[in-house]
Amino acid sequence: MAERRVRVRFAPSPTGPLHIGGVRTALYNYLFAKQHGGDLIFRIEDTDSNRFVPGAEDYIIESFKWLGIKFDEGVSFGGDHGPYRQSERRDIYKKYVQQLLDTDKAYIAFDTPEELDAKRAEIANFQYDAQTRGLMRNSLTLAKEEVDKLIAEGHQYVVRFKIEPGRDVLVNDIIRGEVSINSSILDDKVLYKSADELPTYHLANIVDDHLMEVSHVIRGEEWLPSAPLHVLLYEAFGWADTMPRFAHLPLLLKPVGNGKLSKRDGDKLGFPVFPLEWHDPKSGEISSGYREKGYLPEAVVNFLALLGWNPGTEQEVLSMEELIKLFDLSKCSKAGAKFDYVKGIWFNHQYLLKQEDMDWTPAFDKLLKENGVDSTPEKEAQVVSMMKQKVVEYTDTLSGQTKKRNISFVSDLWPLTKFFFVAPDSFDKEDKFIKKNWKENAAADMSELADVLETVTDFTVEGMKAVVDVWAEQNEKKPWNPWRVCLVGAGQGPDMYELAAFLGKEETLNRMRYAIKVLG
RNA sequence: GGUCCCUUCGUCUAUCGGUUAGGACGAGAGAUUUUCAUUCUCUAAAGAGGAGUUCGACUCUCCUAGGGACUACCA
C-alpha cells in the first residue's frame, strides 16, 4: 500500500474531566503524529446527548494546552475536515446510514428499550443478532408497508448493523498482532437512533475517521473487542482499502488492588487522576489536578510516556522532543500498567531540579501566604512584613543553597524553609536531634556564644567566622548543633553562619536567648 | 456466563533462542556532611505452574492458573 499521510485523532466524549489514561492516549497520538510529520485531530464525540457535561470541552482543551500537546486541527483549532463536533455532523451521518440501509447492510428496528429488557429477562444471554433478529420487530420481519406506516406515525426506531454470522474477522493490530474474532458472537449493533437523530459511537467513529482521512487509530484496549465490528463497518461502506491501522494501548491499572484506574482511586490514595483540578458543575465536588498539585507538565508527560512504552535504552528522563524522536508503537507493552504515582513524584523532582532558571517566587510567595498565618495577629503581622522583606532575597538564597534538596513540589519548601521566616516557639525535647545536641552545658555555651556574637560588628559569614571560629577553637567548643537548635529548632537548614547572616544579628540573638530560656 | 487480550524483581520495564536476566522507582546498608538534605557506593528483590519444540527457551506451541477488558438506543 502506498504511503499515506499520517493523520491521527484524539476523540474524547465531553462527559467530564479528562482522565489521566486519556491523556496518555492523546500523548501517544501526538508523539506518533509529530514523529511522522503528520496531523493530530481533536474531535468531540458528543453523540450521547444525555451525558453532555458543560465545561468539559474547555477543560480538555486547557489540559492539553498546559501539557504542551498541540493539535493541528479540530474543535477550536480549525481545519478543513470539519465540523469536528459530532453533534454538528448529523446530516453527514444520515446520508451514510441511508447508504447502509439501501445496500441491505443494516435494517430498521422498532423494539423499545422496554421490549428489549423483557427479551433479555426471558432469554438468557439474549443478543440481538442473526439468531434472534427474526423474533423481533424490525424491517426484516415486518412488511414494508408496516415499516413505512410505523415511521410515518412517528414511532421511534433505531438502525442496526446486519452482521453476517460465521465469519472470522481479522484485526491487524500494531501492538498485538493479528486478532481474530468470529462474527457470530457480535451483536447487531445500534448504529443510529431516530430519537435524537444521532448515530452511536461506532457509526460516527468510522464515518469520521474515513472522512477525516485518519491513517492510524491509536486508542485504549477497551476498544479491542469492538474493533472487529469496526472492520466490518469499513467493509460494508466499501472503505476497506483505506481502513486505518489499529493500535490498542494497554490500560492504566489501579496502583493497589485490582482493576483499571478510576476517578475514585486518586484522591483516596493521594494522587490526582486528572490533569487539571475539576469542579463538578452538578455535585460541586472538587477533584484534584496535577497542575494544582504542583506538578510540572514536562514531568507529567515524561512519566505518562513511560507507562506502557520505553525506548529500550536506560534513559528515563526524556524531553518531548526526545520522546517524539524515540517513540515507537511497536515497542508498546501489551500488559496493563499499574499506575505507579510514586515514580511520578520522582519525575517531578527531576524536572524541578532541572529548572535552573525557573522563577519560584510566585509559587513560594503563595506558599508563605498559605502558611504564614498561625498564631497571634502580632506575630502574623511580623511574619508578613518579614516575608515581604525577605522573599526576593530568599529566592536567591534558595537557588544557592536550598534548591538541591529533596523537593518534589514547590510546596515541599515550606517545612524545609519556614525557619527562615518563623522563629521556633516551642522545642520538642523528645526530638532526636534536640535530645542529642542539647546537653547540660548547652545553655551555658550558647549564652557564651551569644556574648561573642554580640561583639561582632560585621554580621556576615566572614565577619562571624573570624570571631566565632577563634572562640570555638580556643575554648574547644563545637557550638554548631546547639546553635542550630536555637535558630531552627530542628536538625535542618543551611550552614549556621549563612543562616545567622540571613537572619541578621537581632533575630539571631533573640532566637538564642529564647531557646536558652525555654530549654534551660 | 460468553468473547478477546495479557502474565520478568513490590512497581514501571530491558531481553526480540545462547546474558552472571540489565536499568529505574521504592526499600535497606554504608561513605560524605557542624544538622537535614544532596551526592556517591553497595545490598536484597523476578521469568505464574505444567507439558512440549529445540543442541539450547524468559523468548516459540499447547494446557492450567491468575489478571484485565468487553458484553447498552455510553463512549
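**Reading a sheet and its helix**

Colleague: Where does helix 1 lie, and at what angle does helix 1 run to strand 1?

Modeller: Helix 1, residues 20–35, lies across strand 1 and strand 2, and runs at about 165 degrees to strand 1. Axes are lines fitted to C-alpha atoms, for helices over the stretch in contact, with angles from 0 to 180 degrees between N-to-C directions; contact means C-beta atoms, placed from the backbone, within 7 Å. Helices (H or I, at least four residues) and strands (E, at least two) are DSSP runs numbered from the N terminus. This is a predicted model, where local features need pLDDT of at least 70 and side-chain atom pairs count only at pLDDT 80 or more, while totals for chains, interfaces and linings use all residues. Residues are numbered from 1 along each chain as its sequence is written, and chains are lettered from A and ligands numbered from 1 in the order in which they are written.

Colleague: What is the strand order in the open sheet?

Modeller: Strands of a sheet pair through backbone hydrogen bonds, either parallel or antiparallel. Here three strands form an open sheet in the order 1-2-3, with parallel pairing; a pair needs at least two DSSP bridges. Strand 1 (7–10) and strand 3 (73–74) each have a single partner strand, so one side of each edge strand has no neighbour in the sheet.

Colleague: How many bridges join strand 2 to strand 3?

Modeller: Two, with strand 2 covering residues 39–42 and running parallel to strand 3. Phe42 stands opposite Gly74 of strand 3.

Colleague: And how many helices and strands does chain A have?

Modeller: Chain A has 20 helices and 15 strands, and its C-alpha trace spans about 110 × 50 × 40 Å along the principal axes.

How values were computed. Two residues are in contact if their C-beta atoms, placed from the backbone, lie within 7 Å.
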